[in-house]
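Colleague: I'm new to this one, could you walk me through it while I look?

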Amino acid sequence: MRDEDAVDALLGARLAELRAQHGWSLDELAERSGVSRSTLSRAERAQTSPTAAVLNRLCHVYGRTMSQLLSEVEAAPVPVVRAAEQRVWEDRAAGFVRRSVSPPHTGLRGELVEGRLAPGADLAYDRPPVPGLEQHLWLLDGALEVTVGEQVHRLGAGDCLRMRVTGPARFRCTGPDPARYVLAVVRP
């Protein structure tokens, strides 16, 4: 089994467990999240890897950041996470690769994530996973357009954007090269 398949299987099991803990049917979760029942069912059975947008909607419903959700399918966090051990999750269809640089710990509010968007990649989130989430995005390479609510920010390599996410957000790679960034996430 490929490492990605193992992560999808663990993630699917965790999603099913969270839904069961809330006592929701697939139909109820579909209504709360805006994700189709069939997509939820396939994700829980690891027949498909959920997209970033789907995971974001589920994180919103469950009150978790994406890193928190992904860390819940891993062993307990350790103080040092070697580069080779950092979890990578990919939304191939969207051209998005996400690496949990510092998986969160239940006692901590901050985490670091590395994101990579392919040229032309466009990720739109209709809501934050956790309302009021503070994010600091430091663009390392490429060009990125970040829309938070109605405000559009055009970033070049080295630029840093601080934002508090309370509504829709969009990340779009606008250059001919991939965009690579570090995202510091701080829960309210």
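Modeller: Gladly, and keep in mind that this is a predicted model.

Colleague: Which residue of S3 is the bridge partner of Arg 98?

Modeller: The partner of Arg 98 in that pairing is Gly 115 of S3.

Colleague: And how many bridges are there between S3 and S10?

Modeller: There are eight bridges between S3 and strand S10 (residues 179-186), and this pairing too runs in the antiparallel sense. Within S10, Arg 180 is the bridge partner of Arg 116.

Colleague: What about the open sheet, in which order do the strands come?

Modeller: The open sheet has four strands in the order S4-S9-S6-S7, with antiparallel pairing. Strand S4 (122-125) and strand S7 (151-156) are at the edges and have a single partner strand each, so one side of each lacks a neighbour in the sheet. From one strand to the next, the twist averages 10°.

Colleague: How many bridges do S6 and S9 pair over?

Modeller: S6 and strand S9 (residues 169-173) pair over five bridges in the antiparallel sense, and Val 146 stands opposite Phe 171 in S9.

Colleague: Switching to helices, at what angle do H2 and H4 pack?

Modeller: Helix H2 (residues 26-33) and helix H4 (residues 52-62) pack at about 100°, and their axes are 9 Å apart. H2 and H4 are therefore roughly perpendicular to each other.

Colleague: Which residues make that contact?

Modeller: From H2 the contact has Leu 29, Arg 32 and Ser 33, while H4 brings Arg 57, Leu 58, Val 61 and Tyr 62. Sorted by class, the contact of H2 with H4 has four nonpolar residues, one polar residue and two charged residues.

Colleague: Last one, which residues are buried in H3?

Modeller: In helix H3 (residues 37-44), the buried residues include Thr 39, Leu 40, Ser 41, Ala 43 and Glu 44. Just after H3 comes Ala 46, which takes a positive phi of about 60°.

Technical notes
Residues numbered from 1 in each chain as written. Predicted model: local features only at pLDDT ≥ 70, side-chain atom pairs only at ≥ 80, totals over all residues. Heavy atoms only, no water. Axes fitted to C-alpha atoms, helices over the stretch in contact; angles between N-to-C directions. Helix = DSSP H or I, 4+ residues; strand = E, 2+ residues; numbered from the N terminus. Parallel < 35°, antiparallel > 145°, perpendicular 65-115°, else oblique. Contact = heavy atoms within 4.5 Å. Nonpolar A, V, L, I, M, F, W, Y, C, P; charged D, E, K, R; others polar. Pairing = 2+ DSSP bridges. Buried < 20%, exposed > 50% of the residue type's maximum accessible area, 1.4 Å probe, protein only.
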